Amino acid sequence: LPLELTTKRLTLRPYTLDDVDALWPHVSDPALPRFMSWNTHESKDVTHEYLESCIHGRERGVGVVWAIRHAGEFVGAIGLEGIKFQVAAWRVDRAELGYWTGIPFQRKGYMMEAASEIVRFGFETLGLHKITVGCFEENEASRKIIERLGFRFIGRQEDDVWRDEAWHTHRRYELLASSYSDITTTM
């Protein structure tokens, strides 16, 4: 599959082990992962292990994580994880969207641009039927991106995860290929 993608301002390419130094300033910043499922990376070895796990997932066909670059500079990451086409007798054709932007690059529209391209890739290239995504209820910026992309709110998962000495509620969303087609024809 063609995994290197471009948008008007961005280049999206799958992670490589050479990305350790580009990721390090972001993933080692304690302010970044407060809404994420991962903790601040305490060493470059942790970042290396993370990249290895992403590459292994891509090789197994269960996920792809892209480095987002603007003018040659790393600005964030985006991925389709948990890619499944079949579960026993059920055909499901789905994946979960996940993303983050380095703090210096937030609120510049990069993630909206990258997410639009990855959603397009998921439906048009991978042939997914559904993409799901979630965010902490208090993560306004992520919620705005999700809703602008046309994802349908499907519910709140109260006190879903414990992080930083508190329970957090998740908002869950989904987008079907048929709804995505409707959205792209009106854009």
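Is cysteine 135 buried or exposed? In this predicted model, cysteine 135 has a relative accessible area of 4% and is therefore buried. The points below take up this residue and several others.

1. **Cysteines.** The number of disulfides in the structure is zero.

2. **The largest pocket.** The space in this pocket amounts to about 1,400 Å³. Its lining is made up of 50 residues, and those nearest the centre are Met36, Tyr99, Trp100, Asn139 and Ser142.

3. **Elements around the pocket.** Several helices and strands each give at least two residues to the lining of the largest pocket. The helices are H2, H3 (110-125) and H4 (140-148). The strands are S4 (73-87), S5 (90-101), S6 (130-136), S7 (152-163) and S8.

4. **Histidine 168.** This residue belongs to strand S8, which spans residues 166-176. Its relative accessibility is 12%, and because buried means under 20%, histidine 168 counts as buried. A polar atom of its side chain lies 3.0 Å from the backbone oxygen of arginine 163. When neighbours within four places in sequence are set aside, histidine 168 is in contact with Phe136, Glu138, Gln157, Asp159, Asp160, Val161 and Arg163.

5. **Aspartate 93.** Aspartate 93 is part of strand S5, and with 6% relative accessibility it counts as buried.

6. **Aspartate 164.** Here too the residue is other than glycine and phi is positive, with a value near 50°. Aspartate 164 sits in the loop between S7 and S8. Its relative accessible area is 53%, and since exposed means over 50%, aspartate 164 is exposed.

7. **Glutamate 42.** Where does glutamate 42 lie? The residue is placed in the loop that runs between helix H1 (20-27) and helix H2 (44-60). Glutamate 42 has a relative accessible area of 67% and is therefore exposed. In sequence, glutamate 42 and aspartate 29 are 13 residues apart, while in space their C-alpha atoms are 9.4 Å apart.

Notes: Residues numbered from 1 in each chain as written. Predicted model: local features only at pLDDT ≥ 70, side-chain atom pairs only at ≥ 80, totals over all residues. Heavy atoms only, no water. Helix = DSSP H or I, 4+ residues; strand = E, 2+ residues; numbered from the N terminus. Buried < 20%, exposed > 50% of the residue type's maximum accessible area, 1.4 Å probe, protein only. Polar contact = N/O pair within 3.5 Å; in protein donor to acceptor, adjacent residues only side chain to side chain. Contact = heavy atoms within 4.5 Å. 1 Å grid on protein atoms, 1.4 Å probe; cavity = no way out; pocket = protein on both sides within 12 Å on 5 of 7 lines; lining within 4 Å. Points joined across faces, edges and corners; volume = space filled by probe spheres on them. Disulfide = S-S within 2.5 Å.
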